[in-house]
Amino acid sequence: MAFLSIDNISKSFGGLSANREITLSIKEHEIVSIIGPNGAGKTTLFNIITGVEPSDSGSVRFAGADITAMATPEIARLGLVRTFQQTKIFRDLTVVEAVMIGHHLHDRTGLLGAFLSNRFAREQRKKKLEIALEILEFIGMADRKDSITQNLPYGEQKLLNIAIALAAKPKLLLMDEPAAGMNPTESMRMMETIRRIKETGITVGLVEHNMRLVMNISERVFVLNYGELIAEGRPEEIRNNQKVVEVYLGRQSRAGA
Amino acid sequence: MSVHKSGITAALFVAVLLLPVVFSEPFYQHIMIAAGINIILAVSLGIIVGYLGELSLSHGAFYGIGAYTSALLMTKLSLPFVLAFPLAIIFTGLMGFLIGIPALRLSGHYFAIATLGFQGIVILLIINMVDLTRGPMGLSGIPSPGAFDLFGITISFQDKIPFYYLTVAVMSVVLLLTRNLIGYKYGQAFIATREDPLLAASIGVKPRKYRMLAFVISTAMAGAAGSLYSHYTLFISPDSFHLGESIYIATMVIIGGRGTILGPLVGAILLTTLPEALRFTGDLQFVLYGLMLMLVVVFMPKGVIGIFDHLKQPRTQQNNHAG
């Protein structure tokens, strides 16, 4: 049964069509990657799935619910959370504070409880702190908990972005280029992190350019080019797919001639 | 809160209670009451400016709505203060909600301009609804909150010391509620929408809901300040609530240090007492006053209380709040 199913999604910006009748699905507990050259429509697809942008047509279903017209926070409430290509962290806060905000959906403090600073409010805040520390431990940033987020090195900002998303306790985590701009050591660390996220029972969808990472951890790969889905399959199938090779390397005949 | 910190808070609170006894001249007591009301205004505006990260230029208008509502409820409907006060708060918060619907769709400069427009509208309404507000002539004959008996002694709020304690009580509740609001889920959600609305939404924070909540609470608190003011001065006119007042309150927040509760509090005290302290310089006072404001803005981007931050963590980035 498909966990996330995208059915016939199309989106164009003026004359440029970013997504053309894309249909794909992600099963529960798998790691799926969406690859393609720059401008292929990968981020647009993520934006449509997570309610950041509306699609022109088509539908998105997640965990049995139609989320096509839902707003981002409602989609997050269902357990679908994403990270961003342009690393987003809450600036000006400490790392642990930023991750605590990520747990917002599970903080049941009411307005009155907060105003009165009652026991429930204090317990909820304590629980949120514990979970944030747990996640920082998991992602290997426990020693950074009191750093100001914007002072972190780039690689750790990317990890923090994921930590914030994990704090929301997603069932499906969509990551938009988690390893972009990383050096080989950092991207190895990222790959390990993604693998461990999957082991905790979270389904993972990736948009990524780092082929080593994609081919290593994906169970299935979808290839977009100019807004169209041109191939899908296991990593080794994609590697040997003629269309995909053409998109990335150009036509063999021309190259050989 | 540490024992150390709560000790300081308790000591400060006792000092605040003793102030009118130590400074028994009515002039000083008047300044203390004004400072208390300004603290309510600045701290409440601080929720919008500091935590939502939006500049509202209509706080003076909400202050005025609270003042006129409370005064009219007591003069026209003969309601007692204990009813007029909460009703003024609720009505002002309701107005905040109605204005928030269009204004909070905007952000940054556009939001500031929308609130500026609302500020203008309110003053025009007060001036032109002559039958109700007596227009530019102002409302006079506003009753004071009344009097009550304590161990056989009649305590009247027409006297400065009882009114000072009433102001301190309201101010304390405002400070406490604001601290608790900011300290839990809500404050974190406000900050999340300020720092990054897209990221906030992605982890389930509804930016519209929390921005509205902050705006309504903040404006309702301004209504409380307005009610106190009208039953203290016993006369109100549009002059007290015009754009200048809104800018004055915003200045308190920015001078004191936005993004904290202490900042607006310190800013309110400074801006209430400084002009009085500079009075001996005669005509020079406005020059000195302006100069001080400029120096603070240029050299202390985090406001006056930023100095403490600086002492505590000399290595933190200076430009954290500059943007």
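Tutor: Let us begin with contact: two residues are in contact if their C-beta atoms, placed from the backbone, lie within 7 Å. The model is a predicted one.

Student: Which residues does A:Gln85 touch, not counting residues up to four places away in sequence?

Tutor: Under that criterion A:Gln85 touches A:Thr43, A:Asp176, A:Glu177 and A:Ala180. A:Gln85 itself lies in the loop between β6 and α3 of chain A.

Student: Why does A:Gln85 count as partly exposed?

Tutor: A residue is buried with 20 or more other C-beta atoms within 10 Å, exposed with 12 or fewer, and partly exposed in between. A:Gln85 has 16 C-beta neighbours inside 10 Å, and therefore counts as partly exposed.

Student: What makes B:Gly187 buried?

Tutor: The cut-off for a buried residue is 20 or more. B:Gly187 has 21 other C-beta atoms within 10 Å, so B:Gly187 is buried. B:Gly187 belongs to helix α8 (residues 185–195) of chain B, and touches B:Tyr51, B:Leu181 and B:Ile182, leaving aside residues up to four places away in sequence. The C-alpha atoms of B:Gly187 and B:Leu52 are separated by 9.1 Å, although these residues are 135 residues apart along the chain.

Student: Why are the buried residues of α7(A) said to line one face of the helix?

Tutor: The buried residues are A:Ser187, A:Met190, A:Met191, A:Thr193, A:Ile194 and A:Ile197. Viewed down the axis of α7(A), they fall within an arc of 165°, so they line one face. An α-helix has 3.6 residues a turn, so residues three or four places apart point the same way. On the other side of α7(A), the exposed residues are A:Pro184, A:Thr185, A:Glu192 and A:Glu199.

Student: Which elements of chain A do the buried residues of α7(A) pack against?

Tutor: The partners are the strands β3 (31–35), β7 (172–176) and β8 (203–207), together with the helices α5 (119–139), α6 and α8 (211–217), of chain A. After α7(A) comes A:Gly201, with a positive phi near 100°.

Student: What makes α3 of chain B mostly covered?

Tutor: Of the 17 residues of α3(B), 15 are buried.

Student: How do α3 and α6 of chain A pack, and which residues meet?

Tutor: Helix α3 (residues 95–102) and helix α6 (residues 154–167) of chain A pack at about 40°, with axes 6 Å apart. The crossing of α3(A) over α6(A) is right-handed. From α3(A), A:Val95, A:Ala98, A:Val99, A:Ile101 and A:Gly102 meet A:Leu160, A:Ala163, A:Ile164, A:Ala165 and A:Ala167 of α6(A). These contact residues comprise nine nonpolar, one polar and no charged.

Student: How many residues does each chain give to the contact between chains A and B?

Tutor: Chain A gives 32 residues and chain B gives 23 residues. On the side of chain A that touches chain B, the largest share, four residues, comes from α2(A). The residues of that side divide into 18 nonpolar, seven polar and seven charged.

Conventions. Residues numbered from 1 in each chain as written. Chains lettered and ligands numbered in written order. Predicted model: local features only at pLDDT ≥ 70, side-chain atom pairs only at ≥ 80, totals over all residues. Axes fitted to C-alpha atoms, helices over the stretch in contact; angles between N-to-C directions. Helix = DSSP H or I, 4+ residues; strand = E, 2+ residues; numbered from the N terminus. Left-handed = near helix turned anticlockwise from the far one by under 90°. Nonpolar A, V, L, I, M, F, W, Y, C, P; charged D, E, K, R; others polar. Arc of directions from axis to C-beta.
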